[in-house]
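Let's walk through this model together, one question at a time. Have the sequence and the structure ready, and follow along.

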Amino acid sequence: MVRIIDKNLQSEFGQGFDDVFESIDPVALGSASIGQVHQARLRPGVDSSSNWPHGEDVAVKVMHTGAEDRFHHDFQVFRWLCKVALSGWEPILNECYRQIMTEFDYRQEADSLEFVRYRTMNSPFKNRVKVPQPLTELCTKEVLVMEMLHGKKLSETVESDLA
């Protein structure tokens, strides 16, 4: 995980893991098929010209190695099965593929977070829901760095209210 972060930061920004982060928890806060999230601490006071909050805890989402290739392969198998069993679904499958492939670029996810965050802050829910701020100057295709939020997840609150 550190190797992936280091490689991405080096290639995108010319800074390595140790230039940006003081530490990272090797135990993931959560994991999914595409990636996992770790709590990390930004290195204090490194580059005052950047906008990221030095010395603070952040959440770092790291894409699993080969996740995009595995998905592409699996989707090709799924597409083949659908051609056999569900002819005429090609346009729907193409759109699904295009939409899902956007998940494999965390820079797009950072943009979406910014959009939803802005909308939420200007909505009646601004005092009830908080969306993490991405640190776009540290986000790459395979690494998403965002504000670390503590508290109940929105999904947990909804489930609790429904119960």
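Q: How far does α5 reach from its first C-alpha to its last?
A: This is a predicted model, in which local features need pLDDT of at least 70, side-chain atom pairs count only at pLDDT 80 or more, and totals for chains, interfaces and linings use all residues. Residues are numbered from 1 along each chain as its sequence is written, and side-chain values use heavy atoms, with hydrogens and water left out. α5 has 16 residues, and the expected span is close to what the model shows (1.5 Å times one less than the number of residues; helices are DSSP runs of H or I with at least four residues, strands runs of E with at least two, numbered from the N terminus). The reach of α5 is 22 Å.

Q: On which side of α5 do its buried residues lie, and what are they?
A: Buried means under 20% relative accessible area, exposed over 50% and partly exposed in between, with a 1.4 Å probe and protein chains only. The buried residues are Y106, A110, L113, R117 and T120.

Q: Which strands do the buried residues of α5 pack against?
A: Packing here rests on contact, meaning heavy atoms within 4.5 Å. For the buried residues of α5, the partners are β3 (35–42), β4 and β5.

Q: Why do the buried residues of α3 line one face of the helix?
A: An α-helix has 3.6 residues a turn, so residues three or four places apart point the same way. The buried residues of α3 are A67, F75, R79 and C82. Seen down the axis of α3, they line one face because they fall within an arc of 100°.

Q: Which elements do the buried residues of α1 pack against?
A: In α1, the buried residues are I4, I5, N8 and L9. They cover an arc of only 120° around the axis, which puts them on the same side of α1, while R3 and S11 are exposed on the other side. The packing partners are α2, β1, β4 and β5.

Q: Is Q15 buried or exposed?
A: Q15 sits in the loop between α1 (2–13) and α2 (17–20). Leaving aside neighbours within four places in sequence, Q15 is in contact with D6, L9, Q10 and V20. With a relative accessibility of 19%, Q15 counts as buried.

Q: How far apart in space are R128 and E159, C-alpha to C-alpha?
A: R128 lies in the loop between α5 and β5, and is exposed, with a relative accessible area of 68%. In sequence, R128 and E159 are 31 residues apart. In space, their C-alpha atoms are separated by 16 Å.

Q: How much space lies in the largest pocket, and which residues are closest to its centre?
A: On a 1 Å grid over the protein atoms alone, a pocket is an open set of points where a 1.4 Å probe fits, with protein on both sides within 12 Å along at least five of seven lines; lining residues have an atom within 4 Å of a point. The volume is the space filled by probe spheres set on the points, which are joined across faces, edges and corners, and comes to about 930 Å³. Of the 24 lining residues, the closest to the centre are P132, L149, K152, K153 and L154.

Q: Which element gives the most to the lining of the largest pocket?
A: β4, α5 (106–121), β5 (143–147) and α6 (154–162) each supply at least two lining residues. The most, four residues, come from α6.

How values were computed
Arc of directions from axis to C-beta.
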